[in-house]
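Here is my note on the model, as numbered points. Please read it with the structure open.

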Amino acid sequence: MIPLTKFQHLLKGGRALDLGAGDFQLAKKLQELGYKVDTVDIKDIGPVLNGVKFFRQDILTFDINGYDLIVAKNSLPFTDSRTMIKKIAEGLNNNGITSFTLFGQRDDWNGRAGMTFVDYGEAIRFIKKTSLVIYRQSTEEGYGPTKTGDIKYWHIHSFVCTKPV
């Protein structure tokens, strides 16, 4: 994921949504930046940060509406990424920002049931069909640990997009 520091000048505070809350580290950083943070994860992930609203729910069924910032680090590939990008574009406020990752086709997990993997060009074309405008993009590949500590080959496309008025 492109670090928040790379686009921090665009962050103005307001309501933020973290899709796939994980260990709440991203939610904590968003709070420090002045955001009121909601988080969504399909799993019960333990104690919630003070001041953060947690929803235990599938991100596909969560009502995304009225957010100034939406982040999704390594969560969209575990669902229908295209549907989620449309939902993000629709639920993001005008002048809002979103940062998300998608898994590329060379990722070790490619072929797992229920996951989506996209070609970089396909991702760009799909995003351009929404109301989002790509601000930054990158692709990274290499071996690294999973949440469980296993080593795998990662192929990640990262995007920061804005939604103009």
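1. Start with the cavity. Helix α3 contributes the most to the lining of the largest cavity, with 4 residues. Helices here are DSSP runs of H or I with at least four residues, strands are runs of E with at least two, and both are numbered from the N terminus. Helices α2 and α3 are the elements that each give two or more residues to that lining.

2. A word on the source. This is a predicted model, in which local features need pLDDT of at least 70 and side-chain atom pairs count only at pLDDT 80 or more, while totals for chains, interfaces and linings use all residues. Residues are numbered from 1 along each chain as its sequence is written, and side-chain values use heavy atoms, with hydrogens and water left out.

3. How many cavities of 30 Å³ or more does the whole structure hold? The search finds 1. The largest cavity has a volume of about 50 Å³. On a 1 Å grid over the protein atoms alone, a cavity is a set of points where a 1.4 Å probe fits but cannot get out; a pocket is an open set with protein on both sides within 12 Å along at least five of seven lines; lining residues have an atom within 4 Å of a point. Grid points are joined across faces, edges and corners, and the volume is the space filled by probe spheres set on the points.

4. The cavity lining consists of Ser-81, Arg-82, Ile-85, Leu-102, Val-118, Glu-122, Ala-123, Phe-126 and Ile-127. By class, that is 6 nonpolar, 1 polar and 2 charged residues. Ala, Val, Leu, Ile, Met, Phe, Trp, Tyr, Cys and Pro count as nonpolar; Asp, Glu, Lys and Arg as charged; the others, Gly among them, as polar.

5. Now the largest pocket. About 1,100 Å³ of space lies in it. Its lining has 35 residues, and those closest to its centre are Lys-73, Asn-74, Ser-75, Phe-78 and Lys-147. The lining divides into 13 nonpolar, 12 polar and 10 charged residues. At least two residues each come from α1, β2, β6 (133-145) and β7 (151-163). Strand β6 gives the most, with 6 residues.

6. The whole structure has 11 aromatic pairs. Rings of Phe, Tyr and Trp (its six-membered ring) pair if their centres lie within 6.5 Å; planes under 30 degrees apart count as stacked, over 60 as edge-to-face and the rest as tilted. Phe-78 and Phe-103 pair edge-to-face, at 6.0 Å centre to centre and 75 degrees between the planes. Phe-78 sits in the loop between β4 and α2 (81-91), and Phe-103 in strand β5 (residues 92-103), 25 residues apart.

7. Phe-78 and Trp-109 form another edge-to-face pair, at 5.9 Å centre to centre and 65 degrees between the planes. Trp-109 lies in the loop between β5 and α3 (120-128) and Phe-78 in the loop between β4 and α2, so the pair ties together parts 31 residues apart in sequence. Ring pairs link Phe-78, Phe-103, Trp-109, Phe-117 and Trp-154 into a cluster.

8. Buried or exposed? Buried means under 20% relative accessible area, exposed over 50%, and partly exposed in between (1.4 Å probe, protein chains only). Phe-78 is partly exposed, because its relative accessible area is 43%. Phe-103 is buried at 0%, and Trp-109 is buried at 16%.

9. Finally, the strands. Two strands pair if DSSP finds at least two bridges between them. Strand β1 (residues 14-19) runs parallel to β2 (residues 35-41), with 6 bridges. From β1 the chain passes through helix α1 (residues 25-32) to β2, in a right-handed β-α-β crossover. Right-handed means that, with the strands pointing away from the viewer, the path from the first strand over the helix to the second runs clockwise.

10. Asp-18 has a bridge partner in β2, Thr-39, and one in β4, Val-71. Strands β1 and β4 (residues 67-72) run parallel, joined by 3 bridges. Strand β2 is also joined to β3 (residues 53-56), in parallel, by 4 bridges. There, Val-40 has Phe-55 as its partner in β3. Strand β2 is mostly covered, with 6 of its 7 residues buried.
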